[in-house]
Amino acid sequence: MKLDKGFADTKKTEVPAVASRAGANRRLAWLLALVAAGFLGFGFALVPLYNTFCHLTGFNGATGTAAAALTPVDRTRWVTVEFTGMVMPGLPWKFRPAQRRVRVHPGETAIARYYATNLGDRTFDGRAIMSVSPEVAATHFEKIECFCFHQEALEPGQTREFSVEFFVTPGLPKYVTTMTLSYAFFPSVERGDDRSQPRS
Amino acid sequence: MSSVSAYVNEHEHEHDHKPRGLARWLFTTNHKDIGILYMLFGVTFFLVGGLFAELIRAQLIHPANHVLTPELYNQAITLHGLVMVFAALMPVTAGFANYVIPLMIGAPDMALPRLNNWGFWLLPPAAVVLVFPGILQLFGVGNGPIDTGWTIYAPLSVRSGLGVDFAIFAIVLLGASSLMASINIIVTIFNMRAPGVTMMKLPLFAWSWLITAFLLIAVFPALIAGGLMLLTDRHFGTHFFSAAGGGDPVLWEHLFWFFGHPEVYILLLPTAGLLSHILSAFARKPIFGYRAQVYAYWTIGVLSVIVWAHHMFTSGMPIAGQLYFMYSTMAISIPVTVLFICWLGTIWRGALSFETPMLFALGYIGLFGIGGLTGLTLADAVADQQYHNSYYLVAHFHYTLFGGPIMGVMAAAYFYLPKITGHMYSERAGRWHFWLCIIGFNLTFIPQFLAGIAGAERRVVDYPIQFAGFHMASSIGAFILGAAQLLLVYNIVVAWRGRTEPASARVWEGAQGLEFTLPSPPPYHTFAERPAVV
């Protein structure tokens, strides 16, 4: 009895219900497609978001740059900065730090040097990408001048000295007594790649 | 649902005419036809993906073996992963959604039938595009299909051969197909429910697919975006993933796993929903903890998009990041445990019988349980450093992805096969299938846990001689597991040919739900007039 009554009701409204339902279906489908397109945009937006996030947090060892060391020098403690360097595939260079480590006070400006030799038979352009570990130290490492700001070229057989001028900010947590600065030399992706605003 | 009454109209059978031949399948907008197409496509590629797995195990059966060249081995592991995830499991769960959800909620069809047709027919071209470089290689063009591993990590994928380009195109097609299917399922569930089917009366399978569809819409576009960036990196001089040009290869990992981790739940959730129905049917008890399960799906869905970087503990992440991703990952075990308790509560003191679907359902609980527990050790950021690149991880994700989704799909396949075809499968062959699966699967992957703890590296074409015993056992297990799947094919054929005992409308004594009020097989058009659900 109850069942029949229910059906009598739905039958009456069936024709207009189908038409309005098709419209409602289409509207909801387009809305969901729009949401999907929004998430596609979010995927692309992750690129700048991720870079900003790395610089704010030192994620991936991304470091900062400073025009000059204006911070007061904290002479009450020492920080050991160690250096390593490596060459990525495709660049026939030899690349090594001139010193394994330097000891500095936080806030004190220091210069470290690297040597690079082109072992290839033609001129190669390289670009150094640096990172600092531990990551917590990365946001406290500031470069004033660095060869990683520019693309570098070496003639066949040529050896050059590269230098980085840097300081460690006094805000570095007390428990960090040693940090490692690592450069990876990549084959430059295009000639004339010389941006004044470095990434790291 | 306390009581379900369906109304099968007399003249529904008059509408039961359908086009014949190939045209029926090419142009169909019928949800049952499309569901069947999805399922057959999925089973076919389950066998193809399995063939790649057997090739891998054939290579690894002895140390210093030469069944495959290292290049072919890399292609085989990549295609095994991509095919199983995108061409086997996702289509099969979409097939069940298409076939069963409209029946469960009393809808005459999916909300957008033509979109549904398009969604399915994007799959075969995608599959062809994925393996096409293998054919090109036969004619001396390029160096074969994608060989980077299914994660397509940069910078390897930026430098690798043209197989990567084809794989990206395939993923974009698959993504478009999945998005269409997801949109269709959401619209169907929101707009097409029969009167009386309120959201909190929705069958759990429909709920689980609803969450899955939302997840797909949220995360698949990120993978497509990443794929397009990779494509422009490879051909148009951009440097999204190249450190030398100011990009970052780790960014790819973030994009990939932002998709990739929810993907695990995209594969898992639909089968978790089906599992509840199957356990309830064979325990002859109502589903235990319906609300708790719905809330658990939601919690899993939300948590799954904020834990992705636990796949990247070894990529050099700050301690704070590791801690966050460790604890958030471990938090997922809470809603998953809720599901386990509900499943066990459903069968607790039930009048159990052990037909093939129930065997697979119980196997799901056991194997997926092991997958979940071993996942907890991997979620530990400290332990992960040791296990991440070992066979321990390989065994873990096979326990979660085979033990969960594939066992669930098997259970559902046997559960619905008589409903779909109208005839019973061979119960004897089904039981053999189950026991060979359990023996073969555990023999394959328990040794991989042990080898992983002992330090065996994954992904590598060869291994040190001390792991020979583990690998031998693992290969034998994989051959048993692979051969067992032929019994599934046999059973599908047996039920399809229809010479066995016809299935009743209810099929199983304890089966509940609107779909079991229809005859087996259901007429071509069902619920043209809406059923009343009280």
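The structure is a predicted model, in which local features need pLDDT of at least 70, side-chain atom pairs count only at pLDDT 80 or more, and totals for chains, interfaces and linings use all residues. Residues are numbered from 1 along each chain as its sequence is written, and chains are lettered from A and ligands numbered from 1 in the order in which they are written.

Chain B contains 16 helices and zero strands; helices (H or I, at least four residues) and strands (E, at least two) are DSSP runs, numbered from the N terminus. Its radius of gyration, 23 Å, is close to the 24 Å given by the globule rule for 534 residues, so chain B is as compact as a globular protein of that length. The radius is taken over C-alpha atoms, and the rule is 2.2 Å times the number of residues to the power 0.38. Along the principal axes, the C-alpha atoms of chain B fill a box of roughly 70 × 50 × 45 Å. Of the 534 residues in chain B, 55% are buried (20 or more other C-beta atoms within 10 Å of the residue's own, with C-beta atoms placed from the backbone).

The contact between the chains takes 34 residues from chain A and 35 residues from chain B, two residues being in contact if their C-beta atoms, placed from the backbone, lie within 7 Å. On the side of chain B that touches chain A, α7 (163-191), α8 (204-235) and α9 (249-283) of chain B each supply at least two residues. The largest share, seven residues, comes from α8(B).

Chain A holds an open sheet of five strands in the order β4-β2-β10-β6-β8, with mixed pairing; strands pair if DSSP finds at least two bridges between them. At the edges stand β4 (101-104) and β8 (151-154) of chain A, each with a single partner strand, so one side of each is left without a neighbour in the sheet. Strand β2 (residues 79-87) of chain A pairs with β4(A) in the antiparallel sense over four bridges. T80(A) has R103(A), in β4(A), as its bridge partner.

The mean pLDDT (the predictor's confidence in each residue, from 0 to 100) of chain A is 80, and 78% of its residues reach 70 or more. Among the elements of chain A, β2(A) has the highest mean pLDDT (93) and helix α1 (residues 2-12) of chain A the lowest (42). Over residues 1-16 of chain A the pLDDT is below 50, and this stretch has eight contacts in the model beyond near neighbours in sequence.

Key:
Buried ≥ 20, exposed ≤ 12 C-beta atoms within 10 Å, placed from the backbone.
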